[in-house]
Amino acid sequence: MPNIHHSTREINCKVVYYGPGLCGKTSNIRYIFNNTNPESKGKLISVAPENEHTLFFDFLPIFLGTLNGYTLKFHLHTVPGQIFYDESRKLILKGVDGIVFVADSQIERMDANIESIDNLKKNLFEQEIDVNHIPLVFQHNKRDLPNILPIDEIDRIVNFRGSQYIEAVALTGVGVFETLKEVTRLVIGRLKESMD
Ligand SMILES: Nc1nc2c(ncn2[C@@H]2O[C@H](COP(=O)(O)OP(=O)(O)O)[C@@H](O)[C@H]2O)c(=O)[nH]1
Ligand SMILES: [Mg+2]
């Protein structure tokens with residue numbers, strides 16, 4: 001559930017960009033950071049790991065207006081994709097309100113996509129979060145590359161829930177704000193249900 005602070009009239013929502021290593025998670029966050037007004041964002045923090053005990057992530061707070069008189073703040077996080085950073089992923093997933101699964105459209109990355117989906121399901125299950133209920137958007141990224149799967153094929157492989165998907169080239173920003181808009185729409189929808 002989003003964190004509602006009644007004293008400061010602030011609602012904090014957590015969105016996590018999940019996916020295999022090098023699929024384009026950090027590129028999404030960088031593009032959002034570089035194309036958001038200074039007054040609508042906080043600092044972009046990126047931390048590189050030295051070992052599995054160092055949390056490896058990107059973190060960007062953005063402000064998205066108000067809801068019922070409360071300031072809406074979204075905290076965007078990425079997880080490290082590589083298999084061995086599972087402890088970091090578990091920590092970053094704690095208290096998640098919405099997920100963007102970034103899939104790498106390249107044919108040779110399908111196994112990595114599937115592995116990451118299975119890992120997401122496992123880690124959500126461990127936190128007793130229903131993978132079929134949490135706000136979730138799929139972003140099929142790297143659509144500019146030549147060696148990619150047709151869109152309906154990659155969607156059939158990774159989109160186990162038949163959720164909304166967006167085609168993207170995160171490097172140049174294609175689909176990046178569309179993805180953010182869709183996940184925040186879902187999270188805000190859930191929030192409104194809980195406030196009724
Ligand atoms: N051609 C292409 N390259 C991309 C795209 N998105 C990311 N990349 C590149 O893929 C590499 C990994 O991207 P990054 O955002 O760091 O992936 P992360 O590991 O998921 O955070 C970088 O060299 C990016 O420039 C894309 O849509 N198209
Ligand atoms: Mg990254």
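This is a predicted model: local features need pLDDT of at least 70, side-chain atom pairs count only at pLDDT 80 or more; totals for chains, interfaces and linings use all residues.

Author: Residues are numbered from 1 along each chain as its sequence is written, and side-chain values use heavy atoms, with hydrogens and water left out.

Reader: How many aromatic pairs does the structure hold?

Author: The structure holds 3 aromatic pairs, a pair being rings of Phe, Tyr or Trp (its six-membered ring) with centres within 6.5 Å, called stacked if the planes are under 30 degrees apart, edge-to-face if over 60 and tilted for the rest.

Reader: Why is the pair of Tyr31 and Phe177 called edge-to-face?

Author: The ring centres of Tyr31 and Phe177 are 6.0 Å apart and their planes stand at 65°, so the pair is edge-to-face.

Reader: What makes Tyr31 count as partly exposed?

Author: Its relative accessibility is 24%, and partly exposed lies between buried (under 20% relative accessible area) and exposed (over 50%), with a 1.4 Å probe and protein chains only. Phe177, at 33%, also counts as partly exposed.

Reader: Why is the pair of Phe101 and Phe138 called tilted?

Author: The centres of Phe101 and Phe138 lie 5.9 Å apart with planes at 50°, so the pair is tilted. Both Phe101 and Phe138 are buried, and together with Phe160 they form one aromatic cluster.

Reader: What sits over the ring of Phe160?

Author: The charged end of Lys121 does, 4.3 Å from the ring centre, where the criterion is NZ of Lys or CZ of Arg within 6 Å of the ring centre and within 35 degrees of the ring normal.

Note on methods: Chains are lettered from A and ligands numbered from 1 in the order in which they are written.
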